[in-house]
Amino acid sequence: MAGDFYVVESYPNNLASGVYRDVVPWVKFNRPVNTTTVNDTTVVLAESSTIEAIPCTYTYYEDTYKIAIRPSGNLKSFTEYTLFVAGEQEDYEEFGGVRDVDNNPLENNYVIIFYTGDKTSTSPT
């Protein structure tokens, strides 16, 4: 496939607040993803203040071109988080970045920031 490879949608939205602590962020692309390029260096969820990556597992949904990023546990309350998806790295080709099935790199780095609240999706109201 020719043309640009890019993110079309993500969750949570950039600068969202009150996000559930058990959130499973996701990123949706405009075409199929080469899943061998999705790992803990190309898709990173981190607490913004420390930039320390949170251990996550990744699930790819072929029918929607979506990657779900599942943290190993609940996120901290009232905390800012950054979700980073690596794009083309011209000066660091060995690091690659996320690519489509035709090996085209993600056009640019993709970054969202969000803020957790104090509840999980199953918390009583």
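## The nonpolar core

The largest nonpolar core of this predicted model has 23 residues, and those touching the most other members are Phe 29, Leu 45, Ile 69, Val 98 and Phe 114. A nonpolar core is a set of buried Ala, Val, Leu, Ile, Met, Phe, Trp, Tyr and Cys residues joined through side-chain atoms within 4.5 Å. Buried means under 20% relative accessible area, exposed means over 50%, and partly exposed lies in between (1.4 Å probe, protein chains only). At least two residues of this core come from each of strands S2 (16-19), S3 (26-29), S4 (43-47), S7 (66-71), S8 (80-85) and S9 (110-116). S8 gives the largest share, three residues. In soluble globular proteins, nonpolar side chains tend to be buried together.

Which residues does Leu 45 touch, not counting residues up to four places away in sequence? They are Glu 52, Ala 53, Ile 54, Cys 56, Ile 69, Pro 71, Leu 75, Tyr 81, Thr 82, Leu 83 and Phe 114. Contact here means heavy atoms within 4.5 Å.

## Basis of the model

Residues are numbered from 1 along each chain as its sequence is written. The model is predicted, so local features need pLDDT of at least 70 and side-chain atom pairs count only at pLDDT 80 or more, while totals for chains, interfaces and linings use all residues; side-chain values use heavy atoms, with hydrogens and water left out.

## The chain as a whole

The chain has nine strands and zero helices. Read from the N terminus on, its elements run β-β-β-β-β-β-β-β-β. Helices (H or I, at least four residues) and strands (E, at least two) are DSSP runs, numbered from the N terminus.

Along its principal axes, the C-alpha trace spans about 50 × 30 × 20 Å. The radius of gyration of the chain is 15 Å, which agrees with the value near 14 Å that a compact globule of 125 residues would have. This radius is taken over C-alpha atoms, and the globule rule is 2.2 Å times the number of residues to the power 0.38. Of the contacts with a separation of 6 or more, 71% are between residues 24 or more positions apart.

## Surface and charge

Of the 125 residues, 38% count as buried. The chain exposes about 7300 Å², and carbon and sulfur atoms supply 47% of that area. Accessible areas come from the Shrake-Rupley method with a 1.4 Å probe; for residues, only the protein chains shown count as cover.

Is Val 27 buried or exposed? Val 27 lies in strand S3 and counts as buried because its relative accessibility is 1%. Apart from neighbours within four places in sequence, Val 27 is in contact with Val 7, Glu 9, Ser 10, Tyr 65, Lys 66, Ile 67, Ile 69, Leu 83 and Val 85. Val 27 and Val 85 are 58 residues apart in sequence, and their C-alpha atoms are 8.7 Å apart in space.

Glu 80 is in strand S8 and counts as partly exposed because its relative accessibility is 30%. Its contacts, again leaving aside neighbours within four places, are Ala 46, Glu 47, Ser 48, Ile 113, Phe 114 and Tyr 115. From Glu 80 to Ala 46, 34 residues apart in sequence, the C-alpha distance is 8.8 Å. Gly 18 sits in strand S2 and counts as exposed, with 51% relative accessibility. The C-alpha atoms of Gly 18 and Asp 118 are separated by 7.4 Å, although the two are 100 residues apart along the chain.

## Loop residues

The loop between strand S1 (7-11) and S2 holds Pro 12 and Leu 15. A cis peptide bond, with omega about 0 degrees, joins Tyr 11 and Pro 12. Leu 15 has a positive phi, near 70 degrees, in a residue other than glycine. Leu 15 counts as exposed because its relative accessibility is 52%.

Ile 51 lies in the loop between S4 and strand S5 (52-53). Its phi is near 55 degrees, also a positive value in a residue other than glycine. Ile 51 counts as exposed, at 62% relative accessibility.
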